[in-house]
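Welcome, and please take a moment to look over the sequence and the model before reading on. The notes below will walk you through them step by step.

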Amino acid sequence: MLILPGDRIQVARLFNFFLQGEQLAFDCALRQSQIFPDDISRRFFATQARQEKFHARVFRCGIGILAPKGIGRFSKNAAMESYRNQLESALAGGDLALSLLGMQIILEGLGDVALQHISDGCGPRGIGFSRIRRMVLGQEDAHHNFGIRRFLAFFAGEAEAVETNRTHFDDYYGQLQNIIESVAPLFEHFDEDPLQYLKEFESSLPEFFQPESTPLKVA
Ligand SMILES: [Fe+2]
Ligand SMILES: [Fe+2]
């Protein structure tokens, strides 16, 4: 992703979209830190919540610097809010595995790919903060990988779990595609291909999670 000086408002809008994701990640990790049964998970999620709070602050600062007069009419992403509702239902029902699937595995998995692309575009354009960028990316990677390990531990040796979770995966993944579709014009402004993000995300997953081929509706 190449970020040109005239793109400040568009970048700020992109950051605003990521800010919404960071706020969701914070709320989810905080709740997970209260409801998981084991100390290791509770500690991990408490740390994750602190990190997500920091990530949100980074994006908020970035928006303030790029667009001190505001970003105009740019409301919350409705598809992301719908994703939040589904995740909050899983948390309210105490479905720990489903919360991992929706947050750490799927949303953070794709977020990881998208943030990497944005970070790659910052360097060549002389946009600094490389240490912060590296730190955020490292933390997001850790959240995603912990989610995968913890999720698989829930279902070790349960053959029927694959089929059950296939349905849940497809459900969340379908919603993720709706989110991508809704922000596709914003990414296309930077000549980014959201389909490529999904391909990279899919190929990074262990076999257990490999999605069936679902064509994305991005034009
Ligand atoms: Fe984050
Ligand atoms: Fe994260």
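What follows is a short tour, from the whole chain down to single residues.

## Before we start

This is a predicted model, in which local features need pLDDT of at least 70 and side-chain atom pairs count only at pLDDT 80 or more, while totals for chains, interfaces and linings use all residues. Residues are numbered from 1 along each chain as its sequence is written, and chains are lettered from A and ligands numbered from 1 in the order in which they are written.

## The whole chain

The protein chain holds 7 helices and 0 strands, and its elements run α-α-α-α-α-α-α from the N terminus on. Here helices (H or I, at least four residues) and strands (E, at least two) are DSSP runs, numbered from the N terminus.

Of the 219 residues in the protein chain, 31% are buried. A residue is buried if 20 or more other C-beta atoms lie within 10 Å of its own, exposed if 12 or fewer, and partly exposed in between, with C-beta atoms placed from the backbone. Two residues are in contact if their C-beta atoms, placed from the backbone, lie within 7 Å. Among contacts between residues at least 6 apart in sequence, 80% join residues at least 24 apart.

## Helix α2 and its partners

Helix α2 covers residues 39-66. It has 28 residues and reaches 41 Å from its first C-alpha to its last, close to the 40 Å expected at 1.5 Å a residue; the expected span is 1.5 Å times one less than the number of residues. Its buried residues, including Phe44, Gln48, His55 and Ile63, pack against α1 (8-35) and α5.

The axes of α2 and α5 (residues 130-154) come within 11 Å and cross at roughly 145 degrees. These axes are lines fitted to C-alpha atoms, for helices over the stretch in contact, and angles run from 0 to 180 degrees between N-to-C directions. On the α2 side the contact is made by Ser41, Phe44, Gln48, Gln51, His55 and Val58, and on the α5 side by Ile132, Val136, Gln139, His143, Phe146 and Arg150.

## A bend in helix α4

Helix α4 (residues 96-122) has 27 residues and reaches 36 Å from its first C-alpha to its last, close to the 39 Å expected at 1.5 Å a residue. There is also a kink of about 35 degrees in α4, centred on Glu108. The bend at a residue is the angle between axes fitted to the seven residues ending there and the seven starting there.

Start with Phe45, which sits in helix α2. Phe45 counts as buried because it has 28 C-beta neighbours inside 10 Å. Leaving aside residues up to four places away in sequence, Phe45 touches Ala29, Gln32, Ser33 and Phe36.

Val11, in helix α1, is buried, with 25 other C-beta atoms within 10 Å. Val11 and Phe187 are 176 residues apart in sequence, yet 9.6 Å apart in space, C-alpha to C-alpha. Finally, Arg166 lies in helix α6 (residues 159-188) and is partly exposed, with 15 other C-beta atoms within 10 Å. Arg166 and Gln210 are 44 residues apart in sequence and 8.9 Å apart in space, C-alpha to C-alpha.
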